[in-house]
Amino acid sequence: MAKVLVVTSGKGGVGKTTSTAALGAALAQTGQKVAVIDFDVGLRNLDLIMGAERRVVFDLINVIKGDAKVDQALIRDKRVDTLFLLPASQTRDKDNLTDEGVERVIGELREKFDWIICDSPAGIERGATLAMRHADVAVVVTNPEVSSIRDSDRIIGLLDSKTERAEKGERVEKHLLLTRYDPARAARGEILKVEDVLDILSIPLLAIVPESTEVLRSSNLGAPVTLGSPNSAAARAYQEAVRRLQGETVVDVQKRGLFSKLFARRAA
Amino acid sequence: MNLFNFLNFNRRTSAPVARERLQVLLAHERTIVGGESDLVATLREEIMAVIAKHMAVAQDNVQIKMERGASVSTLEVDIEIPTAASGIRPAA
């Protein structure tokens with residue numbers, strides 16, 4: 001049974017695209033067939049983070065308009081052969097992103113894939129609402145910072161009211177992915193602590209991705225961090241997130257020295 | 001030196017302030033269903049309509065302020081009533 005996962009946040013720049021690429025690649029590495037879809041029409045970037053920017057021929061809008069079949073638009077990753085990308089359109093024809101079109105594309109992808117990961121644009125406009133529309137699972141990407149938390153709270157409200165599942169009286173399974181976290185600064189009271197963010201947003205924690213130079217390095221090289229730097233702390237956090245998404249109870253967080261000692265308990 | 005330490009201490013522990021501000025803010029924002037209605041905007045419109053039934057008051061002369069607190073919120077309505085007798089209409 002295919003699962004549709006939306007990576008969302010409300011606020012821009014918190015790590016949605018980075019997380020989509022990293023989670024998609026890590027899931028695909030477990031043998032699952034994964035499609036990642038960029039919903040940011042007009043400002044596509046998932047292709048760049050995945051290192052596929054020079055291989056884009058057709059995009060999501062072409063598929064919706066019937067100019068191309070979904071198989072023609074999907075780009076197979078060169079490193080992991082069960083990972084595929086459906087890029088966004090770079091032209092500004094946002095109006096072509098229709099409810100019916102998205103529903104049809106997601107329906108087709110459900111037949112072919114185990115996981116469909118929708119990379120939401122920032123904001124709460126059409127791209128963002130359509131990215132979450134058909135989701136079974138949501139990963140809410142949040143930085144330990146006031147504006148990010150406020151926007152995440154708003155997005156959680158939309159997940160509970162504006163999704164297909166919500167309208168049928170069902171629930172979208174929601175997870176918090178805390179990114180760019182610096183435990184040393186949190187310990188000094190300079191940034192919000194994990195437990196503060198969890199307390200305020202009241203959704204379960206998927207993983208804590210520490211602030212890491214490896215994330216930028218991988219994006220420079222066009223590789224999801226889980227492929228470009230698989231042993232980095234950030235990549236390990238995404239791998240852990242993937243195990244939880246697959247229903248595994250990750251009790252013992254991989255050894256990360258002080259970091260794991262501080263947070264293993266809460267991340268379980 | 002003491003003052004320096006005090007300021008420095010305050011600078012470092014800004015996280016609890018962030019936490020408190022968010023808790024107060026979100027408690028109010030969550031009452032707005034689906035983000036479609038804005039309580040202050042609705043109140044302003046309805047209060048203006050009630051005033052307009054009885055007095056001719058320019059929109060600029062009505063100030064509505066909201067102060068949100070952890071346990072109590074206040075709504076302050078400040079209406080500048082025209083002094084000229086012609087400004088006040090008899091109640092309908």
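**Close-up views of a predicted two-chain model**

**View 1. Helix H7 of chain A and its buried residues.** In this predicted model, the buried residues of H7(A) are A:Ser148, A:Ile149, A:Ser152, A:Asp153, A:Ile155, A:Ile156, A:Leu158 and A:Leu159. The helix covers residues 146-159 of chain A, 14 residues in total, and spans 20 Å from its first C-alpha to its last, close to the 20 Å expected at 1.5 Å a residue.

**View 2. The nonpolar cores.** The largest nonpolar core has 53 residues, of which A:Ile37, A:Phe39, A:Leu86, A:Leu97, A:Leu109, A:Ile116 and A:Cys118 touch the most other members. Leaving aside residues up to four places away in sequence, the contacts of A:Leu97 include A:Phe39, A:Val41, A:Leu60, A:Ile61 and A:Ile64. A:Leu97 also touches A:Val102, A:Arg126, A:Gly127 and A:Leu130. A separate second core, of 38 residues, has A:Leu46, A:Met50, A:Val139 and A:Val209 among its members.

**View 3. The interface of chain B and chain A.** The contact draws on 17 residues of chain A and 16 residues of chain B. Together the two chains bury about 1,400 Å², with 53% of this area on carbon and sulfur atoms. Seven residue pairs are in polar contact across the interface, and four salt bridges are found there. One salt bridge joins the side chains of B:Arg30 and A:Asp153 at 2.4 Å, N to O. On the side of chain B that touches chain A, helix H2 (residues 15-29) gives the most, with nine residues.

View 4. B:Arg19 pairs with A:Asp199, their closest N and O atoms lying 2.6 Å apart. Because B:Arg19 belongs to helix H2 of chain B and A:Asp199 to helix H10 (residues 194-201) of chain A, this pair joins two chains. B:Arg19 is partly exposed at a relative accessible area of 22%, and A:Asp199 is likewise partly exposed, at 44%.

**View 5. Salt bridges within chain A.** Over all chains, the structure holds 21 salt bridges. In one of them, the closest N and O atoms of A:Asp160 and A:Lys174 are 2.7 Å apart. This pair links distant parts of the chain, 14 residues apart: A:Asp160 sits in the loop between H7 and helix H8 (164-167), and A:Lys174 in strand E7 (residues 173-181). A:Asp160 is partly exposed, with a relative accessible area of 41%, whereas A:Lys174 is buried at 8%. A further salt bridge connects the side chains of A:Arg185 and A:Glu190 (2.8 Å, N to O). Here A:Arg185 is partly exposed at 36% relative accessible area, and A:Glu190 is partly exposed at 21%.

Definitions and conventions:
Residues are numbered from 1 along each chain as its sequence is written. Chains are lettered from A and ligands numbered from 1 in the order in which they are written. This is a predicted model: local features need pLDDT of at least 70, side-chain atom pairs count only at pLDDT 80 or more; totals for chains, interfaces and linings use all residues. Side-chain values use heavy atoms; hydrogens and water are left out. Helices (H or I, at least four residues) and strands (E, at least two) are DSSP runs, numbered from the N terminus. The expected span of a helix is 1.5 Å times one less than its number of residues. Buried means under 20% relative accessible area, exposed over 50%, partly exposed in between (1.4 Å probe, protein chains only). A nonpolar core is a set of buried Ala, Val, Leu, Ile, Met, Phe, Trp, Tyr and Cys residues joined through side-chain atoms within 4.5 Å. Contact means heavy atoms within 4.5 Å. Buried area is the accessible area (1.4 Å probe) that two parts lose on being put together, summed over both. A polar contact is a pair of N or O atoms within 3.5 Å; within protein, one must be able to donate a hydrogen and the other to accept it, and residues adjacent in sequence count only if both atoms are side-chain atoms.
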